[in-house]
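Here are some notes for a colleague opening this entry for the first time. They are numbered so that each can be checked on its own.

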Amino acid sequence: MLLHHYVEFTFVIFTMMKMNNILVIIPTYNEIENISKIINAVFNTDLSIDVLIVDDLSPDGTGEEVRKLMKIFSNSLFLETKLEKQGLGAAYVHGFKWALKREYDYIFEMDADFSHQPMELKSMIKILDSEADVVVGSRYINGVNVVNWPLSRVLLSYFASLYVQIITSMPIKDATAGFVGYKMSVLKTINLDQMKFIGYAFQIELKYKAWVNGFKIKEHPIIFVNRVFGKSKMSGNIIWEAFFGVLFLRLNKKKFLHQI
Ligand SMILES: Nc1nc2c(ncn2[C@@H]2O[C@H](COP(=O)(O)OP(=O)(O)OP(=O)(O)O)[C@@H](O)[C@H]2O)c(=O)[nH]1
Ligand SMILES: [Mg+2]
């Protein structure tokens, strides 16, 4: 009997030791209407994950709201505040470095505006456990799974993805996706100080550098819902950056190998 308990106890300890440390990074700029809801939604999944908010000193008080919630989720919610708005790419680079220093095994990117559903995290984590080094929450696996976007935006995003596939030959249907999980080993291979882009092109660049270096990428179908609250930060510059960025990536492919 005693032996039985002992075996069970060691098994529990062993599984706890083996459990992966998982971090979800959410960059924010003026997300006061979404921030507490999204943080609560992530913790309500009951998955054992930490959350890091990287805020660019949002004038609407997003950072203060996070600080309040840190009193409730004191061991699992973290905030990094950058002193000026530098775009999504810079926020993620900051978050990735923070995560690597603390040796998180799986590091996720996710938006604050509920376009990415926290309930998908469970399946995405399973994919990293068993099948891939990178998991992409993908809108374009079975048709186009986007809710409430104007047609112009759907077409832009869809054709942007086709364009990336044609120019780069990378076998990913949703290359601009921003709901992505990376294993630590992938982010360690990529030189974060040499990331070139900041917007959609940043998302393409990360996936491309992972793919060029032979990491296995798997897409998981998601339904992308347009933001209900808060303002869009999309701009013409971000689109042009992506258009020329893809050509730049293709032309410099060899340089990214074991970089890098
Ligand atoms: N820290 C930081 N976060 C940003 C910046 N720009 C955007 N974000 C955040 O990045 C995530 C994605 O940005 P969105 O504005 O939703 O971009 P999008 O999904 O392409 O466009 P919309 O949903 O139409 O607004 C959100 O959580 C934003 O708050 C920035 O300059 N700095
Ligand atoms: Mg959004």
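1. Among contacts in the protein chain between residues at least 6 apart in sequence, 83% join residues at least 24 apart. The model is a predicted one.

2. Overall build. The protein chain has 9 helices and 9 strands. Its radius of gyration is 19 Å, close to the 18 Å that the globule rule gives for 260 residues, so the chain is as compact as a globular protein of that length. Along the principal axes, the C-alpha atoms fill a box of roughly 65 × 40 × 35 Å. Of the 260 residues, 38% count as buried.

3. The core. The largest nonpolar core holds 63 residues, and those with the most contacts inside it are L23, V24, I25, I107, F108 and I204. Helix α8 (residues 200-212) gives the most to this core, with 9 residues. For L23, leaving aside its neighbours within four places in sequence, the contacts are I49, D50, L52, A99, Y104, I107 and F108.

4. Helix α5. Which residues of α5 (residues 121-130) are buried? They are L121, M124, I125 and L128. These four cover an arc of only 100° around the axis, which puts them on the same side of α5. An α-helix has 3.6 residues a turn, so residues three or four places apart point the same way. The face of α5 turned away from the buried side carries the exposed residues K122, K126, D129 and S130.

5. A buried glycine. G199 lies in the loop between α7 (184-189) and α8. Is G199 buried or exposed? G199 is buried, because 22 other C-beta atoms lie within 10 Å, and 20 or more is the cut-off for that class. Leaving aside neighbours within four places in sequence, G199 is in contact with G87, L88, G89, I238, E241 and A242. One of these, E241, is 42 residues from G199 along the chain, yet their C-alpha atoms are separated by 7.4 Å.

6. Ligand 1. There are 20 residues around ligand 1, of which P27, A91, A112, S232 and K233 come nearest. The elements that give two or more residues to this shell are β1, β2 (50-55) and α4 (88-101). By class, the shell has 7 nonpolar, 5 polar and 8 charged residues.

Definitions and conventions:
Residues numbered from 1 in each chain as written. Chains lettered and ligands numbered in written order. Predicted model: local features only at pLDDT ≥ 70, side-chain atom pairs only at ≥ 80, totals over all residues. Buried ≥ 20, exposed ≤ 12 C-beta atoms within 10 Å, placed from the backbone. Arc of directions from axis to C-beta. Core = buried A, V, L, I, M, F, W, Y, C linked by C-beta atoms within 7 Å. Contact = placed C-beta atoms within 7 Å. Rg over C-alpha atoms; globule rule 2.2 N^0.38 Å. Near = placed C-beta within 6 Å. Nonpolar A, V, L, I, M, F, W, Y, C, P; charged D, E, K, R; others polar.
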